[in-house]
Amino acid sequence: MLSRGDNKLDIHGRIPSHVGIIMDGNGRWAESRGLPRIEGHRRGSERVKEIVEVSLDIGIKCITLYAFSTENWQRPKSEVSMLMKLLELYLKNELSKLVKKGIVFRTIGETWRLPENIQKLIKDTTEMTASNKGMTLVAALSYSSRNEITRGIKKIIASGIKPEEVTEDLVTSSLDTDGLPQPDLIIRTSGERRLSNFLLWQSAYAELYFTDVLWPDFDKEEFMLALQDFQGRERRFGSLPVSSNAS
Ligand code: IPE
Ligand code: IPE
Ligand code: MG
């Protein structure tokens, strides 16, 4: 495991096209400081801005941020409403920056379950950035992979397609992530080593990176370590290593 100070990212080396991030540990970050959980979420949203900037700088084409899961609706109403407030602030404050930086904004998940004002902000942000040509920033909101796959199956069945016409490509295109590259790297902060219903179909061959660092502490340097770790991975996709001379 690399540690801070070891950062030697090769910026001319392999950079993942699509990075998915499970931004976990906001609550623990706050609780360990005797602060209300929302303070952790607030700090976490500052990190989002930083990580988006870094991603732009190093030429990542797409990042997907897991911000709110379908299961997170089960949290206390007060926490959910504060998270929604933070989301509203983020969209309001960042919109002009996203437009200026050429970022394309889109969402995955059941966004129609979000409060109406947020749905409106999402719609505006999506529309205003749709013709941009830069990095794609995907927010997973009211998202879970099983829910997405189930909705995708319903769409396929409703289209009247025959079983023999169902292909992996068709399933892929029935998902909310239609048109996005497959994630090359999934990062999860906070020491939990699970995917918690995030991009299960899409991450079939993603490299997984788990760090104990809590999301509000996940700064540029930590991100660089994750990318450097990715550069050291050998991706085989079920085949043999390129260097292998087995015959
Ligand atoms: C991640 O932080 C943010 C969301 C899930 C919305 P948590 O709120 O899950 O923080 P912990 O895991 O309780 O520390
Ligand atoms: C995953 O974190 C969801 C997000 C980061 C938005 P959780 O904190 O909800 O996941 P579990 O409960 O630890 O699996
Ligand atoms: Mg958590």
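## Strands β2 and β4

Strands β2 (residues 62–69) and β4 lie parallel and are joined over seven bridges; strands here are DSSP runs of E with at least two residues, helices runs of H or I with at least four, numbered from the N terminus, and two strands pair if DSSP finds at least two bridges between them. Across this pairing, Phe68 stands opposite Leu141 in β4. Strand β4 spans residues 136–143, and eight of its eight residues are buried (under 20% relative accessible area with a 1.4 Å probe, protein chains only).

This is a predicted model, in which local features need pLDDT of at least 70 and side-chain atom pairs count only at pLDDT 80 or more, while totals for chains, interfaces and linings use all residues. Residues are numbered from 1 along each chain as its sequence is written, and side-chain values use heavy atoms, leaving out hydrogens and water.

## The other partner of β4

Strand β3 (residues 104–108) runs parallel to β4, with five bridges between them. Here Val104 stands opposite Thr136 in β4. From β3 the chain passes through helix α4 (residues 116–129) to β4, in a left-handed β-α-β crossover (right-handed would be a clockwise path from the first strand over the helix to the second, with the strands pointing away from the viewer).

## The whole sheet

Strand β1 (residues 18–22) pairs with β2 in the parallel sense over five bridges, and Val19 stands opposite Ile63 in β2.

Notes: Chains are lettered from A and ligands numbered from 1 in the order in which they are written. Buried means under 20% relative accessible area, exposed over 50%, partly exposed in between (1.4 Å probe, protein chains only).
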